[in-house]
Amino acid sequence: MRLCYSWLKELADFDWDPEQLTDRLSLSGTEGKVSGPLFPDFSGVVVGKVEECEPHPSSDTIKVCKVDTGSTVLTTLCGAPNVEAGLKVAFAAPGAKLPEIGAIAVVEKLGTKSEGMICSEAELGLSDDHSIIMEIDKSHKIGTSLREALELNDWLLEFDLTANRPDCLSAIGIAREIAALTNTKLSFPKFELAEIEAAAADHVQVEIDDPDLCPRYLARVIKNITIGQSPWWIKKKLYSAGIRSINNVVDITNLVLMEYGHPLHSFDFDLFSAPKVLVRAAGKNEKFVTLDEVERTLTDEMVVITDSVKAVALGGIMGGLQSEVSNRTENVLLESAYFNSRAIRKASKKLGLSSESQIRFEKGADPNIVPDACDRAAWLMQEYAGGKVLAGRVDCYPKKIEPVGIKLRPTRVDQILATELSSPQMIDILSSLGFGVKTGKELDVTVPTFRPDVTREIDLIEEIARVYGLDRIKTSMSAGGPLVTTERPDDRFDQALKTVLTSMGCVEALTNTLIDPAKDKIISNLENHVRVLNPVSVELSVLRQNCLLSFLNIISYNLNRKKSDIGFFEIGRVFIPSENELPSEKIKLALAVCGREETVGWDKGRAVYDFFDLKGVLQSLATEFRFGELKIKPEKHIFFEKATSFDLYFGGELCGFCGEVAGNAREQYDVEMPVFYAEIDLSVLLSSFSEDRVFVPVPKYPSSLRDIALVLNRDVPAEDVREEIVVSGGELVTKVVLFDVYEGKQIPKGKKSLAFNIEYRSNEKTLTDEEIDIAHNRIVDRVSEKFSAELRT
């Protein structure tokens, strides 16, 4: 948003220069900068008066004018249609320098000496209007420097506002910030409206058909308008705001828009089919031509203003071509309304149509400033367009929008900000920003309706902080005081997992939770998904139910870029659909290894990753976090190879799955190398997570090692045999390790040999050979019986 420096000076009392002003506002959260002088530099231009104006004998369009410059009378030629005797003008005498033209000299045209130039606004760089010469108000003294007379030595300020501050989309809004920072009062524009006896309510009716779309609509009627140019002070302010001057009536509504931040609209009331305003939802596929002469197709979610017969405006966005103010307009219906911000945003996006009004209504206008903005515009039309304002406003406001009340604890303010502000200081700050405050142990704060962003106590604390001065609040790098928040156990768990996994050489991945439903159908055989309403593409249109597709995508990406040493992990979310409720959201740990080691030693080649590398990572997690014994049990999963598909158990509790990704799944992402993948439900493991460490003393008594080699059917899992050894051995067996698997000569077909190393120990005494033999023989007997195994000799 753009404004001129002098405009803010009118509304707030401050001594800062433009740079100091924007710096101070930026520190308080209203970011601004000085763009430079408001108008380009020129010199030698004064207020002149056309004393004589006669047609040139050799031209039908050129006139010979004698201009009084205050010190002399000069002759010049002028072709503007509005030049006439008695008019005060901007005159550039010989020697003057203009922005685009340069130095002005005496020239001879059509046999007549032209001593200077009567200037248009465009030639002075004051606007882009070069169709007519600039008319100067008669109150200005002849010979006065134009820059001084029109107060052109001004500065242009630009503000980069955050989306939550619609109140600052106006000169008054910015001035309110300045007044709060300087501890002065905001000066609202002063005016006194003079109404005629005729009542507006006798000339127009207002009805709102859908109060949800338009909670408030107010109208005034102004008669006997004279369309013409706006006075310079209005043009100057509009120019600073980046708005082109059109005519006095349109300029006035634009001025109030930038002044109060509330959009208005003027209709040519004589073009209404009936003296009634009906605000309703648009019909489905209703056609409407806006002021930009574009026919638009509306939806039933959009709001239109009608004359009870036809639509005359697209509510909150743009007026209609059939009711626009023109040079023939005499009677005006002035609209000041409040529209639903969501409806305006939807309509704007749907139509691809934006305007200054739409921006303000979308961000949140003030429903209770409606009458003030309307009265201000009516007074300006009375003063500068000669209008007669009919008595009263026709205000349709079915359900008043009341200000919000919030409790504020002064002690909480000082806790949050680490300050020692008193309650009166807080009250002064909030009052200067337009908040109502009632004192007590707790402050009862009434939030004005122009601040829709303030809804909680912490928002009020932020307001106090930024006006008090964020630069005045001490900075502390230590965590302490009453506001220290303890870290949540699940956050500490996640961080501990990441630390351990990265220490093992894994790389953390951050993947997209959106996946391609067609690929998920092929890979996971899943069709019921949580779908996104407005997806970026079909390939990213559903939420994942596992992390596998996300991982295959990044593995493919890395392999295509010659990165073949892949060990990824992610702590991410999956979404399980539910018929009657919101989807179930779960946090998973996903792990994947693929390719071969990147580091090559002089004594070995690059080892290819296999399932046991993945299992090693899982085993390390079980050991590091004391999740309990890791077990993997064969279980069919559609996205894994049949021979390498398992369920994962930690401490006897099912918590995930692991295996080698099936070929048809890898094909969807053009991954040729084997991929080994595991996924763990972290909610299952979180309950067993503890950062406490338990001291285990060094055993007092020695252990004894025995080996056992068994020949048994090759389809018997080695893990089942190991578990039976542990159970059969009882308390004396402290460790069982599989150290050899053999199939070949001396082993019958369909059989295999498993060799285990068993450690025996007692915590009470040194075991004798006899005691160990009893336990060892019991193990041999039970394993032989259960698995039809034979002892290999």
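**Contacts, burial and strand pairing**

Me: Which residues in helix 10 meet which residues in helix 12?
Reply: On the helix 10 side they are Arg 412, Val 413, Ile 416 and Leu 417. They meet Glu 457, Ile 458, Ile 461, Ile 464 and Ala 465 of helix 12. This is a predicted model.

Me: What makes these residues count as being in contact?
Reply: The cut-off is heavy atoms within 4.5 Å. The listed residues of helix 10 and helix 12 meet on that basis.

Me: What classes of residue make up the contact of helix 10 with helix 12?
Reply: There are 7 nonpolar residues and 2 charged ones. No polar residue takes part. Arg and Glu count as charged, and the contact includes Arg 412 and Glu 457.

Me: How is the packing of helix 10 and helix 12 described?
Reply: Two packed helices are described by the angle and the distance between their axes. Here the axes come within 10 Å and cross at roughly 65°. Helix 10 covers residues 410–417, and helix 12 covers residues 457–468. The crossing is right-handed.

Me: How do you know that Glu 570 is buried?
Reply: Buried means under 20% relative accessible area. Glu 570 has 4%, so Glu 570 is buried. Glu 570 lies in strand 32, residues 565–576. Not counting residues up to four places away in sequence, Glu 570 touches Ala 509, Leu 510, Thr 511, Arg 544, Phe 551, Lys 588, Leu 589 and Ala 590.

Me: Why is the pairing of Glu 570 with Thr 511 called a polar contact?
Reply: The limit for the N or O pair is 3.5 Å. The two side chains come to 2.6 Å, and this is a polar contact.

Me: What makes His 265 count as buried?
Reply: The cut-off is under 20%. His 265 has 15% relative accessibility, so His 265 counts as buried. His 265 sits in strand 15, residues 264–268. Its contacts beyond four places in sequence are Leu 291, Gly 319, Leu 333, Leu 334 and Glu 335.

Me: Why is Pro 424 called exposed?
Reply: Exposed means over 50%. Pro 424 has 52%, so Pro 424 counts as exposed. Pro 424 is part of helix 11, residues 423–432. Its C-alpha atom is 78 Å from that of Ala 718, 294 residues apart along the chain.

Me: What makes strand 25 and strand 27 a pair?
Reply: Pairing takes at least two bridges. Strand 25 and strand 27 (residues 443–447) are joined by 5, and run antiparallel. Ile 406 stands opposite Val 445.

Me: Why are strand 25 and strand 26 called edge strands?
Reply: The open sheet has 3 strands in the order 25-27-26, with antiparallel pairing. Strand 25 (404–408) and strand 26 (436–438) each pair on one side only. Neighbouring strands are turned by 25° against each other on average, direction ignored. Helix 12 packs on this sheet, touching strand 25 and strand 27. The direction of helix 12 makes about 75° with that of strand 25.

Me: How do you know that strand 30 and strand 31 pair?
Reply: The threshold is at least two bridges. Strand 30 and strand 31 (residues 542–543) have 2 and run antiparallel. The bridge partner of Arg 531 is Val 542 in strand 31.

Me: What leaves one side of strand 29 and of strand 30 without a neighbour in the sheet?
Reply: The open sheet runs 29-31-30, with antiparallel pairing. Strand 29 (514–515) and strand 30 (530–531) stand at the edges, each with a single partner strand, so one side of each has no neighbour in the sheet.

Technical notes. Residues numbered from 1 in each chain as written. Predicted model: local features only at pLDDT ≥ 70, side-chain atom pairs only at ≥ 80, totals over all residues. Heavy atoms only, no water. Axes fitted to C-alpha atoms, helices over the stretch in contact; angles between N-to-C directions. Helix = DSSP H or I, 4+ residues; strand = E, 2+ residues; numbered from the N terminus. Left-handed = near helix turned anticlockwise from the far one by under 90°. Buried < 20%, exposed > 50% of the residue type's maximum accessible area, 1.4 Å probe, protein only. Polar contact = N/O pair within 3.5 Å; in protein donor to acceptor, adjacent residues only side chain to side chain.
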